[in-house]
Each structure stands twice: as structure tokens, then as C-alpha cells.
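This report describes selected helices, their packing, and several individual residues. The sequence and the structure are shown first, and the description follows.

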Amino acid sequence: MTAQAPTIPRYRLAPPTEDDALAMLARVLGVDQAAATWLGACRDAGVRRTDAGLSPAELARVAERLSKAAGPTGVIGSSLGVRARTWLLLNRGGA
Amino acid sequence: MVDPKKSVDLGDTARLEEIAELDLLGPEVDDILQATAEEAAERLRLPMSLVSVVTDQAQYFAAHHGLTGWMREARGTPTEWSFCANAVRSGEPFVVEDAATHPLVRENPLVTEDGIRCYAGIPLVTVRGHILGTLCVIGTEARSFSEDEMDTLRTLADRAVERIEERRGGGEQS
């Protein structure tokens, strides 16, 4: 499941995806707990998941929610947030 | 106790737990480390400085001085662009005198698109031996760094770690 946002050419930066987020979480939580944590963060952020995947802006909102969690999960949320914000800012700037 | 001389796995769970325990990714951390970042830039006569926290996915700017544009707003970058990640992985200072010719960074977008040309970063090592990130200075013109300047940066990095350790709560400092 991937969002349909483009790679930013000059920076060679692809937008982060839900798959990226789940893989990051699975490394510290295991696959099942990662999926449950992600679903909970989506729900708490008011983001509805679809087959098309989340947009980078939606992903940034979920990451912001995730960053409030305790322990490594919060650190992962912050990291994901930096990646999503970087893509959004550079995309907005026409890079 | 982690051996800081071993190559660091940026995604190591124990390291991420250390970053979480020290609560380094909150906005209030900037107030605690800002003065140190500012002093580093001033004493080395460079326009930018950071206290960075590096994970396997992103570097987060816990404190910064002189940043503008998207980097200031994003408050970090993807790890693959992070100069600081080199110092964290190796546990050694990382110095770039001319980014345009340095083999590790010359194709980095922060160099080709954002104009970074010089960098010096000192790893921030906790009492438990985890390397969190760096205190670093950044410039837009090529330059060298003297031993005295690197000593200054080390002293300020030690101060940053002291301030960070004060966040641990239990008084674990050695």
C-alpha cells in the first residue's frame, strides 16, 4: 500500500509510506503490535485508511500522534514526522 | 554499558529507548541546549550550529542556531542526508572542510541544493555509552578546523551532554 505522491527530483526524496511506518514500528514492537499501534494512531489522528494509502500530509498527522507515545514508539513517530515534513516542505517549495 | 567505540546501529532498540528516556524530542529541549548551540557557532565563527539526535530514519534538531528555510521548519532531515550520522556511527568527530570535494557528502542534497560547504561535529555520548547525536557547526564556505577549535567544540559537547543527563531524573551521572 503506497501513497501516489511523487519523488522530489532534486533531492531524490520519495514520500514516506504506511509500509515504511509499519516496518519501522515492527522492528521494535513486532509485526502484530506494530499494526495495532499504527491503527490506533490513525484513529486518534482522525485519519481514515484506504486502499490507496495515506497521503504524506495524513502520514504527518499520524506521525505527530505517534510521537506522543512513550518509549521507542514515540521516537519512531518523531522520525517519521521529520521525513514527512521534509517531503511536504520541499514539495511545497517546488524542489 | 555500551562500548561507544563499536560501530553504532542507528536503529538499535536500546539506543532508541535511551533517546526516549532522556525525552530529547520535545520542544522544551531547545531551551536547555540553545545557549550551547549558539556559543558553538559564535566561537567557531560559523553561521549555523545544531544539537542533533540521530535515528536510523531521521535526524532531529533538538536545538539549533542560524537555520533558515525548510530545515528550520522541518526541524530535521532524513538520516541519509545527515552529516552527523557519520559521527554517530563511528563514535568519532566528523569533519568536512570542503563538502564539494568530500567523497561522503559531495552528492548530498544539503550540499548540492542547500549550499552546505563545511561541517564539524562531535558525538554526544551518554554515561551509559549511547551516542545520541552530535553538537555540530555548519558553514556555507569551505574552511579548515584547528585543533583549538575542535577542543572548543568538544568542551561544548561535554556541556551539552551534562545538560542532557540532567533530564534523566534518577541522578545517574558518573
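Predicted model: local features only at pLDDT ≥ 70, side-chain atom pairs only at ≥ 80, totals over all residues.

**Helix α2 of chain B**

Helix α2 of chain B covers residues 29-43, 15 residues in all. From its first C-alpha to its last it reaches 22 Å, close to the 21 Å expected at 1.5 Å a residue. An α-helix has 3.6 residues a turn, so residues three or four places apart point the same way.

One of the packing partners named above, α6(B), can be described in more detail. The axes of α2(B) and α6(B) come within 10 Å and cross at roughly 175°. Angles over 145 degrees count as roughly antiparallel, and the two helices are therefore roughly antiparallel to each other. On the α2(B) side, the contact is made by B:Ile32, B:Leu33, B:Thr36, B:Glu39, B:Ala40 and B:Arg43. On the α6(B) side, B:Thr152, B:Leu153, B:Leu156, B:Arg159, B:Ala160 and B:Arg163 take part. By class, this contact has six nonpolar, two polar and four charged residues.

**Helix α3 of chain A**

Helix α3 of chain A, residues 56-66, is mostly covered, with eight of its eleven residues buried. The buried residues are A:Pro56, A:Glu58, A:Leu59, A:Ala60, A:Arg61, A:Val62, A:Ala63 and A:Leu66. Their cover includes α1 (18-29), α2 (31-45) and α4 (71-92) of chain A.

How do α2(A) and α3(A) lie relative to each other, roughly parallel or roughly perpendicular? Their axes come within 8 Å and cross at roughly 105°, and the two helices are therefore roughly perpendicular to each other. In this contact, A:Ala41, A:Cys42, A:Asp44 and A:Ala45 of α2(A) meet A:Arg61, A:Val62, A:Arg65 and A:Leu66 of α3(A). The contact has five nonpolar, no polar and three charged residues.

| Helix pair | Axes come within | Crossing angle |
|---|---|---|
| α2(A) and α3(A) | 8 Å | roughly 105° |
| α2(B) and α6(B) | 10 Å | roughly 175° |

**Contact between the chains**

The contact between the two chains takes 20 residues from chain B and 24 residues from chain A. On the side of chain B that touches chain A, α1 (13-21), β2 (58-65), α3 (69-74) and β3 (76-78) each supply at least two residues. The largest share, five residues, comes from α1(B). The residues of this side of chain B divide into ten nonpolar, six polar and four charged.

B:Tyr60 is found in strand β2 of chain B. With 26 C-beta neighbours inside 10 Å, B:Tyr60 counts as buried. Leaving aside neighbours within four places in sequence, B:Tyr60 is in contact with A:Ser78 and A:Val82 of chain A, and with B:Leu25, B:Ser52, B:Val53, B:Arg75 and B:Gly76 of chain B. B:Tyr60 and B:Ser82 are 22 residues apart along the chain, and their C-alpha atoms are separated by 9.8 Å.

**Arginines of chain B**

Is B:Arg45 buried or exposed? B:Arg45 has 10 C-beta neighbours inside 10 Å and therefore counts as exposed. B:Arg45 is placed in the loop between α2 and β1 of chain B, and its phi is positive, about 55°, although it is not a glycine.

B:Arg75, among the contacts of B:Tyr60, lies in the loop between α3 and β3 of chain B. Its phi is also positive, near 60°, in a residue other than glycine. With 21 C-beta neighbours inside 10 Å, B:Arg75 counts as buried.

B:Arg72 lies in helix α3 of chain B. B:Arg72 is partly exposed, with 13 other C-beta atoms within 10 Å. B:Arg72 and B:Leu10 are 62 residues apart in sequence and 23 Å apart in space, C-alpha to C-alpha.

Technical notes:
Residues numbered from 1 in each chain as written. Chains lettered and ligands numbered in written order. Buried ≥ 20, exposed ≤ 12 C-beta atoms within 10 Å, placed from the backbone. Helix = DSSP H or I, 4+ residues; strand = E, 2+ residues; numbered from the N terminus. Contact = placed C-beta atoms within 7 Å. Axes fitted to C-alpha atoms, helices over the stretch in contact; angles between N-to-C directions. Parallel < 35°, antiparallel > 145°, perpendicular 65-115°, else oblique. Nonpolar A, V, L, I, M, F, W, Y, C, P; charged D, E, K, R; others polar. Expected span 1.5 Å × (residues − 1).
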